[in-house]
Structure formats: C-alpha cells, structure tokens
Amino acid sequence: MLTSLLRLTTAVLLVVFQPIASGAASGEDVMKAVGDQVSFHPDKPLPPSVSSIFWKQRKGADVIKVIEWDVDDGLNTPNPRFKDITTLDEKTGVITITGLKVEHSGVYSIDINSKEQQQRFTLTVKERVPKPEIKIEKTSDPDVVYLRCEYSEPIIWQNSAGETLTGSPISPKGESITVTNKLKPGNFYTCTLDNGASKETSDPVYERDLFKGEAVIYFNNALYNSCPSLKQHSQEQTHVWNNTTALERQS
C-alpha cells in the first residue's frame, strides 16, 4: 500500500513540474559594425510549397517591410532604407543586408506563406571604433611616464608580454597607465578599443622612445642605458647595475 502511494505521489509531482511550452519566440542577438553585412537564416527548411516570404524589421512600435517575395510578383524591397543592399534567397529564406548603418538596428522576423514565424533576430549596429593613438605625459621623475588613451570606447591596455594591464580613469574620458623605466628598450605598450562590434589597436609605444637623453651601450646585441661612470674610464671596464653586466671598450 505504501509503495503504491509513493508511486502515485511521484507521478503527480512529475505532472505538476513538467515544463510547459510557452510558445515564446526563439531569439538570436547579433552585433555588427557600420559597413559590415549580416545574414539571417530561418531555423527550419522552407516547406515544399512556398507562395510568399516576407522579412520585416521592428523598431519600437514601428514595423518596416524589409524585403518580400511571392510567386506572382517576385522580389520587392519597398523601403528605401533597405533598397539595393538587401537580397533574399527564395529557396532557403535567407536574407542578407550589406553596407549596414546604425538605422538597421532592430528586431527582424520572417513570415512564410503569410504566417509569422517565432524566430527573432536582434541586430545592433554600432559605429566603428577609430584607431587609437597613445599620448605620453611626462612626470617629474625621469624614469616614470603616464600613457594616456583618451577615448570613450572600452579600453584594453597590454604590454609586449601579452599581459593585460589595469588602467585608471581620466577626465574627461579614457584611461591611463603608469610606466616605469625597466631598462628594456624592446618593451612596448598598446591601447585597444573594443565596442563589441569592431576593434582597433594603437601603434606600439616602446620604452626606448619613452626614456631618452642618457648615453647607451650595446652588449651581446642588447641595448642598455649606460652608467655615467663608464665615460670616466680609459680602459676596458666591467660595470654591474640593475642585475645587468655591461662592457664598454674605450680607445
């Protein structure tokens, strides 16, 4: 008796908690930059007998016809916003829009045989980010400089080792990082702008260009800042500083 009751209770619980299909439209978010192109693909093959296909864009309360096709009239692009940049494959239902602009942002859906499908595509078109330029700000310490990336877009700082560096916010916009002289002239730093739709990276700024004005020497094909005392010796001398050994030959 107890076993039968447990089985009945389990069956009731399964019925109560069985997921109920909501009928909600499936969605796909797409982000593109101005000038890009995008294609939307129906999630199911078209039925054997298709008499009409109709793509539309929703922007708030407005519904705009993007492109349509039917067996009698063929293709038509009624809205100037999409004219000459939109194509439709009537065999697959795939729509392609080229030369995107910000105004093409919106929610797209397809009607097949005058029946609206549940699938939705949310398109966001953003302006392309510019190629950033790093500005150099000197400090009172000759071995310390600030690098500034003055842009509103999200900023990523990196060094030549591929490490991501944490920047500090600056006014009115952008970020800066502090760079100290590590006596490694091949080290460099970059600033990247990334808004999710496009990405651009600055030219690298090398340590050798940040800390100038001191004498330099070469040792084993490496470039190092030299100690002032090197010039006080008239014969071959070995000097050690910053855990680096340098050799200068004097004539």
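Visitor: Is Trp 55 buried or exposed?

Guide: In this predicted model, Trp 55 has a relative accessibility of 0% and therefore counts as buried. The cut-off for that class is under 20% relative accessible area.

Visitor: How is a pair of aromatic rings described?

Guide: The whole structure contains 6 aromatic pairs. In one of them, the ring centres of Phe 40 and Trp 55 lie 6.2 Å apart with the planes at 35 degrees, so this pair is tilted. Phe 40 belongs to strand 2 and Trp 55 to strand 3 (residues 52-59), so the contact ties together parts 15 residues apart in sequence. Phe 40 and Trp 55 are both buried.

Visitor: At what distance and angle do the rings of Trp 55 and Phe 121 lie?

Guide: Their centres are 5.9 Å apart and their planes stand at 45 degrees, so this pair is tilted. Trp 55 is in strand 3 and Phe 121 in strand 10, so parts 66 residues apart in sequence are tied together. Phe 121 is buried, its relative accessible area being 2%.

Visitor: Which residues do ring pairs link into a cluster?

Guide: The cluster consists of Phe 40, Trp 55, Phe 82, Tyr 108 and Phe 121.

Visitor: Where does a charged end sit over a ring?

Guide: The charged end of Lys 65 is placed over the ring of Phe 54, at 5.5 Å from its centre. Likewise, the charged end of Arg 208 sits over the ring of Tyr 206, at 4.3 Å from the ring centre.

Visitor: Let us turn to charged pairs. How many salt bridges does the structure hold?

Guide: There are 11 salt bridges. One of them joins the side chains of Arg 128 and Asp 36, with an N to O distance of 2.5 Å. This pair links distant parts of the chain, 92 residues apart: Arg 128 is in the loop between strand 10 (120-126) and strand 11, and Asp 36 is in the loop between strand 1 (27-33) and strand 2 (38-40). Arg 128 is partly exposed, at a relative accessible area of 45%.

Visitor: With which residue does Asp 194 form a salt bridge?

Guide: The partner is Lys 199, and the closest N and O atoms are 3.9 Å apart. Asp 194 counts as partly exposed at 23% relative accessibility, whereas Lys 199 counts as exposed at 54%.

Visitor: Finally, how do strands of a sheet pair?

Guide: They pair through backbone hydrogen bonds, in either a parallel or an antiparallel manner. Here, 4 strands make up an open sheet with antiparallel pairing, in the order 11-12-16-15.

Visitor: Why is one side of strand 11 and of strand 15 left without a neighbour in the sheet?

Guide: Strand 11 (135-138) and strand 15 (168-169) are at the edges and each has a single partner strand, so one side of each has no neighbour in the sheet. Strand 11 is joined to strand 12 (residues 144-149) by 4 bridges, and the two run antiparallel. Opposite Ile 136 stands Leu 147 of strand 12.

Terms used: Residues are numbered from 1 along each chain as its sequence is written. This is a predicted model: local features need pLDDT of at least 70, side-chain atom pairs count only at pLDDT 80 or more; totals for chains, interfaces and linings use all residues. Side-chain values use heavy atoms; hydrogens and water are left out. Two strands pair if DSSP finds at least two bridges between them. A salt bridge is a side-chain nitrogen of Lys or Arg within 4 Å of a carboxyl oxygen of Asp or Glu. Buried means under 20% relative accessible area, exposed over 50%, partly exposed in between (1.4 Å probe, protein chains only). Rings of Phe, Tyr and Trp (its six-membered ring) pair if their centres lie within 6.5 Å; planes under 30 degrees apart count as stacked, over 60 as edge-to-face and the rest as tilted. A charge sits over a ring if NZ of Lys or CZ of Arg is within 6 Å of the ring centre and within 35 degrees of the ring normal.
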